[in-house]
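We will go stop by stop, selecting as we go.

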Amino acid sequence: MRQIYRIFLFTALISNAGFLCANMVVRDNTAVLYQQEVGNRVLLTVRDMSGQKNRPQLKASLNDIDLELQESGRQTIAAVLLLIDSSDPRRVDSIRNQVTHIEEIVTRLPDQTLIGIARFDTELHLLAPLGSSKEKIIQEAGSINAKGKTTELYRNTLEAINILKQTTADVKSVLMMSDGLAEDHAYFHRDVVRSAIQNRINLYAIGYADSVSGSVALQTLRRLSEDTGGIYVAARPAYYYLQPQDINTILNGLNAADSYDVDFSAAVAANLAGKHHLQLSLQTPSAQILIPVPVTLPDKVEIQSVIEEVTPQPTVVIERVRESPQTTDTAHQALLLLSILLAVSIIVLLWRLRPRSSKGSPHHQDREEGEEAPAIAWLEIMDGEQRSRRYPVRSFSTKIGRYRENDIALPDSAISRYHAEIHLNDMGQFSIRDLGSKNGIQVNSQEVKAQNLQNNDVIEIGDIRLRFVAEDTPATDMQVTRMFRTQFPAT
């Protein structure tokens, strides 16, 4: 029996970001967005920031079983909503250049691309819906005038995401053209990023600054692109000139490319069933990237039912034998006693197998709503004024770095934004992995890229030394422990 899973692969570009979200992994300048859909289909999007449209070499395996990848030849569909900032009447020259850039980009997009255009200031105005002709998009772009007063950038970007999420397409993108000035008071960067990631939408941006000093505001657009797997480029300040390679970079990111099928027959033949992680290996020009993609194989019961449908069943003849009432009553009593003993045995077995304590169990489900998961390990700071402080490791994948989106944020200039990751595998083994940091990591004074961790191992990240302590291991210098939340602030 051949089990075929389809993987849709799109080669594009991404900025130098690094984070792990619900269904998105960004490592070594390459982003992978995945989602398992109905029918055991895995939707997979890969983006490379090299700008050369290099197709990564792909390999797939499941529990060390190599799986076959085949090109399916499926044509993929992309949806792009152009979002134009028309808020400042002084930006007449900027708008004029943007219209020229829009015409070139729209003309070069594939004909099957679903294109729409909207402008925004205080409100979003949809000028042409997704699926409009290229001529309609170019015509509406030429009618845009900069006449608004207030720029509600974040709120209107959320509106653009809401329009895109209702469209059926394999790749969905917002292409924003703005000076980056945002005057929102109730909507924020994190609101836009959260909505874009949840709806699998990438935000692309072209920045148009009126002066060199005004280029600082373009950081708003750069961050939105970086944090959602999109691309950011900037026109020359005051002249609004865009290099040809910048337009090529945007187009490479918006265009969809190839699709692949994964043959799972070898895994099914090895009696694998249920939930697993497909190990996808991507060999890019700069690095080899390993991505675990969750998949669900058919249960063995489902496989057996298919076999039974095509396998002739032997004919069974049942002969009824009359029994005396006394014999029948005795048999019923014995059956009842056997059922009682079996039920008691099951109850005793379940009682013995019950969790002894929720402490240290990342799977414990009896916590009150909103309560944090218990720590399964700790990282203790060994030096300086922060000596004796420690951070909890609460999940199977814990990011460490300078950036505040990390699970453990360490404010040290020698630490990269996304520096390292601590992982717990199914066998209960902890390991640490370098996420492409500038200064690397050391374990017990040895520089490593990846290393299994043992209790009391010393980890050096930047200028900070940390002791790894597994849960339930008493610390010798932790009579007074202060707990710190390392997640996003509530503001």
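**Stop 1: a sheet**

Start with an open sheet of 6 strands, ordered β18-β17-β27-β26-β23-β24, with antiparallel pairing. Its edge strands are β18 (390–393) and β24 (446–448), and each pairs on one side only. On average, neighbouring strands here are turned by 30° against each other, direction ignored. Keep in mind that this is a predicted model.

Now select residues 441–443, strand β23, and residues 458–461, strand β26. The two run antiparallel and are joined by 3 bridges. Which residue of β26 is the bridge partner of Gln442? Pick Glu460.

**Stop 2: Arg119**

Jump to strand β9, residues 114–120, and select Arg119. Is Arg119 buried or exposed? Arg119 counts as buried, because its relative accessibility is 13%, under the 20% cut-off. Show Asp121 too: it forms a salt bridge with Arg119, with the closest N and O atoms 3.0 Å apart. Asp121 is also buried, at 9% relative accessibility.

**Stop 3: salt bridges**

The structure holds 18 salt bridges. Select Arg433 and Glu421, whose closest N and O atoms are 2.7 Å apart. Arg433 lies in strand β22 and Glu421 in strand β21, so this pair ties together parts 12 residues apart in sequence. Arg433 is partly exposed, at 26%, whereas Glu421 is buried, at 5%.

Next, select Asp434 and Lys449, a salt bridge at 3.9 Å. Asp434 is buried, at 9%, but Lys449 is exposed, at 61%.

Finish with Glu123, Glu152 and Arg155, linked in a network of salt bridges.

Key: Residues numbered from 1 in each chain as written. Predicted model: local features only at pLDDT ≥ 70, side-chain atom pairs only at ≥ 80, totals over all residues. Heavy atoms only, no water. Pairing = 2+ DSSP bridges. Helix = DSSP H or I, 4+ residues; strand = E, 2+ residues; numbered from the N terminus. Axes fitted to C-alpha atoms, helices over the stretch in contact; angles between N-to-C directions. Buried < 20%, exposed > 50% of the residue type's maximum accessible area, 1.4 Å probe, protein only. Salt bridge = Lys/Arg side-chain N within 4 Å of Asp/Glu carboxyl O.
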